[in-house]
Amino acid sequence: MEPYAIFLDLAIIIIAAKFFGLVARKCRAPQVVGEILAGLLIGPSVLGLVNQTDFILQMAEIGVVLLMFSAGLGTDLKELLKTGPVAFLIACFGVAVPLISGAIFYMCYYGASPWGSEGFYKAVFIGTIMTATSVSITVSSLKEMGKLKSKIGTTIISAAIIDDIIGIMVLTFVIGFKNPDAQPGKVILNTLLFFVFAIGVGYISYKIFKIVDKRYPHTRRIPIAGLSYCFALAFIAEACFGIADITGAYFAGIILCSIRDSDYIAEKMDINSYMLFGPVFFASIGLKTELHDMNLPILLFSIGFVIVALLSKIIGCGLISKICKFNLSDSLKIGIGMMTRGEVALIVAQKGLSSGLVEPIYFTSVILLIIVSSILTPISLKLLFAKDEKIAN
């Protein structure tokens, strides 16, 4: 492939994503739905105009990092602290219910296996894939509806961040049972150390940014420094602590959300995300889909896998939300907001592939789950919020 061919790929992705995004908006659906379908259409499964490349994957990763940074910037810190304990409970149930449900589903489909056998580990790993939550699509939808700073929006984002951390711990434990060289205790320690690091360095960074912001208010150096800080914390989270880079980006946004020019930083980030990185990220979900090797048994498994994965998140997160005194409508919104899967599910599946816990063909199931959840979640949230507003009026 010629180096300059990537420009044609980007041109096709941006035009297709924005066109179908506008079509989706005309149909009163969130734009991200159109952008994901655009990726599916121009990808290998349909027209084959664009193939997934390392460059597009890296661009998509930047896109999700920027999206999570913007989510952090748009967070109400006081509301986040208020919803923290509740978000932790939601995250715990959002991991436990899909983990158990996924393992039971695999054993029902392929037959139960004895404890400690290869089949048992595969069943547990299928459940582990279901634990991952990708809040980026939910964030984009809530932002589009103006609900990102609401109590529900903050709870979903907080719970999803905690959910991914717990999910990564579960992944390490599962691989640890299969691979004696893995060290589950090290992951727990690294997670705790990251939080200590984020709080300590974050407080110092906040003070520095506050001084600079006061001295040079509303100047371009503020968002430039903020973007650099986002990328640095994303790198440190992944490289030094083994935590997902989106967690580092989100914490960077949280740290800067209380400075005076936080909205100005978010405004500049939105330009980058809207013009280039956002469309590439959402279209890349469609590009990953490969349906050519699909057969009937895998198709049936994939359908069951998607249904169990979606319902287990809604039931797990929605039920504990109701117990935590959210009303039925808000509990359903939280459950649906938590059911999206994305890059973390793919990372988990890739880890399983390299560890021999899952075959490549099951990536189709994961991709199908990402596509279905990414389309259903924003549409369902929009309908639920519109219904509540109609009742209120």
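Modeller: Phe 301 and Phe 305 lie four residues apart in helix 12 (residues 296-323), so about one helical turn separates them. The model is a predicted one, and what follows is computed from it. The rings of Phe 301 and Phe 305 form an aromatic pair, with 6.0 Å from centre to centre. Their planes are 25° apart, and the pair counts as stacked because the angle is under 30 degrees. Phe 301 and Phe 305 are both buried. The two also belong to one aromatic cluster, together with Phe 105, Tyr 106, Tyr 109 and Tyr 110. For the structure, the count of aromatic pairs comes to 17.

Now the helix contact. The axes of helix 2 (residues 31-42) and helix 11 (residues 262-287) come within 6 Å of each other and cross at roughly 50°. Helix 2 and helix 11 are therefore oblique to each other. Their crossing is right-handed. On the side of helix 2, the contact is made by Val 32, Glu 35, Ile 36, Gly 39, Leu 40 and Ile 42. Helix 11 contributes Gly 278, Pro 279, Phe 282, Ala 283, Ile 285, Gly 286 and Leu 287. Sorted by class, the residues in this contact are nine nonpolar, three polar and one charged. Glu 35 of helix 2 is the charged one, since Glu counts as charged.

Note on methods: Residues numbered from 1 in each chain as written. Predicted model: local features only at pLDDT ≥ 70, side-chain atom pairs only at ≥ 80, totals over all residues. Heavy atoms only, no water. Axes fitted to C-alpha atoms, helices over the stretch in contact; angles between N-to-C directions. Helix = DSSP H or I, 4+ residues; strand = E, 2+ residues; numbered from the N terminus. Parallel < 35°, antiparallel > 145°, perpendicular 65-115°, else oblique. Left-handed = near helix turned anticlockwise from the far one by under 90°. Contact = heavy atoms within 4.5 Å. Phe/Tyr/Trp six-rings, centres within 6.5 Å; stacked < 30°, edge-to-face > 60°. Buried < 20%, exposed > 50% of the residue type's maximum accessible area, 1.4 Å probe, protein only.
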